[in-house]
Amino acid sequence: MTPAARPERHTWLLPSHLVQASRDGGRDRPAERPRRTVRDWVVDTVMFLLAALVGLLAAETSAQYNSEAVALADQVVGGLACVAVWLRRRLPVGLAVALSLVTVVAPTAGGALLASLFSVAVRRPFRQVAWIGLLAMAASTVQVFARPDPGTATALNIGVGVVLVLLVTAWGMLVRSRRLLVEALRDRALRAEAEAELRAKEAQRLAREAIAREMHDVLAHRLTLLSVHAGALEFRPDAPPEQVARAAGVIRDSAHEALQDLREIIGVLRSPGEGAEDRPQPTLATLGTLVDEVREAGMKVVLDSTVTDPDRVPAATGRTVYRIAQEALTNARKHAPGTEVTLTLRGRPGDGLTVEVRNPAPEGPVPPVPGSGQGLIGLTERATLAGGRLTHGPAPDGGFALRAWLPWPA
């Protein structure tokens, strides 16, 4: 599941545009007006109530110093301005300009103007915010002379209007900067998750190529053996029937094993530039040698195996067990140095083969190792291609456990 497809929780606490951007996952889409969240409805309701409260205070002042007709007109205009506050998300700039002009003759629209200025500061860049803020300050200044308040000094009215415009604008710009920071952090997190997914896919691809190269060498060995025996039959047509039958049996067995190896190759090619060196492939019989080498390097390893005849294990399965144990011991040496690692091997024909590697938690702090986790991805891929499964994770005692099951035909 991609980061954008994951269900988000508590989206009702976020602004609608952040929820829409999170659902889009950073992809370019046609412009759609996002639906209001619960938070948006609460904020819009609070803005409406504050605008209505300021309008009521202004209407009360207008009723004291003006005629009934003028006071009624102020109340009607103020009510319409408060209703227009619900359009501040869709038309922030147009609403702010219109309310600035209306406020010159109707002081009751001052609260709605402050709400629209806040929306402009939140949703528009500084250049637009600056000239709209200057327009609002000019309108509040002209209002003092067009609709003077006899109970308050002119200079005080002008100063209060300018300060309110500046405070609301600064508050909106602060909210905008915080939202931009949240969006930047979200985009960074999405990019980090995408890069981690790409690294995991790259590690998986490299693991598949390594397995294909390994199987290529094994298959080349079997085909060489088949060619040798077929050549012997070609140059000795007069050989005794027993030798012919023996050579034919070897050819049949080699061809059968080669077909089994071919089924394990997933179609990836050998990387260019690498030679086809003939190198011996590890099997389950060489697992003891691996443990001895690790012990000689200073690592404490306990081998607990009930497989008495490792030569009976299929070569491909034994090779997979060897690689899993090798990688698990390497991880334990890197991430839990100084601890005692237990390597357990159980199984019999028909039931499968189980390998388990456990180590306790390290005693002290361990510095992080670059590229950690890529080897486990390769092991999981290797076990899956072999027809088995692999699990890994923290153990109840604080250590780490890796367990793999591989098929062992009867």
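Let me start with Arg186, which is partly exposed at a relative accessible area of 21%, where buried means under 20% relative accessible area, exposed over 50%, and partly exposed in between, with a 1.4 Å probe and protein chains only. Its partner is Asp187, partly exposed as well with a relative accessible area of 28%, and the side chains of the two meet in a salt bridge at 3.2 Å, N to O. By salt bridge I mean a side-chain nitrogen of Lys or Arg within 4 Å of a carboxyl oxygen of Asp or Glu.

Before I go on, please keep in mind that this is a predicted model, in which local features need pLDDT of at least 70 and side-chain atom pairs count only at pLDDT 80 or more, while totals for chains, interfaces and linings use all residues. Residues are numbered from 1 along each chain as its sequence is written, and side-chain values use heavy atoms, with hydrogens and water left out.

How many salt bridges does a search of the whole structure find? There are 8 of them, and one is formed by the side chains of Asp44 and Arg88, with 2.7 Å from N to O. Asp44 belongs to helix H2 (residues 38-65) and Arg88 to the loop between helix H3 (68-84) and helix H4 (92-103), so this pair ties together parts that are 44 residues apart in sequence. When I say helix or strand, I mean DSSP runs, H or I of at least four residues for helices and E of at least two for strands, numbered from the N terminus. Asp44 is buried, at 2% relative accessible area, and Arg88 is buried too, at 3%. Asp44, Arg88 and Arg89 are also linked in a network of salt bridges. In another salt bridge, the closest N and O atoms of Arg358 and Glu356 are 2.5 Å apart; here Arg358 is partly exposed at 39% relative accessible area, whereas Glu356 is buried at 15%.

Let me turn to the chain as a whole, which has 11 helices and 5 strands. Of its 410 residues, 34% count as buried. The accessible surface, computed by the Shrake-Rupley method with a 1.4 Å probe, where for residues only the protein chains shown count as cover, comes to about 24000 Å², and 61% of that belongs to carbon and sulfur atoms. If we take contact to mean heavy atoms within 4.5 Å, then among the contacts in the chain with a separation of 6 or more, 71% come from residues 24 or more positions apart.

Next comes the interior. In soluble globular proteins, nonpolar side chains tend to be buried together. A nonpolar core is a set of buried Ala, Val, Leu, Ile, Met, Phe, Trp, Tyr and Cys residues joined through side-chain atoms within 4.5 Å, and the largest one here has 30 residues, with Leu284, Leu287, Ile324, Leu345 and Leu353 having the most contacts inside it. Several elements each supply at least two residues of this core, including helix H9 (287-296), helix H10 (315-335) and strand E3 (352-359), and H10 gives the most, with 7 residues. Apart from this core lies another, of 27 residues, among them Ala51, Leu99, Val122 and Val165. Leu345, for its part, touches residues including Leu284, Leu287, Val321, Leu353 and Val355, if we leave out residues up to four places away in sequence.

Now to the strands, which pair if DSSP finds at least two bridges between them. E3 and E5 pair in the antiparallel sense over 7 bridges, and Val355 stands opposite Ala404 in E5. Strand E4 (residues 389-394) also runs antiparallel to E5, joined to it by 6 bridges, with Arg403 in E5 as the bridge partner of Thr391. In the hairpin of E4 and E5, which has 5 residues between the strands, Gly398 takes a positive phi near 95 degrees.

I will end with two single residues. Which helix holds Ser140? Ser140 is in helix H6 (residues 126-146) and is buried at 11% relative accessibility, and it touches Gly161 and Val162, residues up to four places away in sequence not being counted. Val54, by contrast, has its place in helix H2 and is partly exposed at 34% relative accessibility. Val54 and Gly110 are 56 residues apart in sequence, and their C-alpha atoms are 7.0 Å apart in space.
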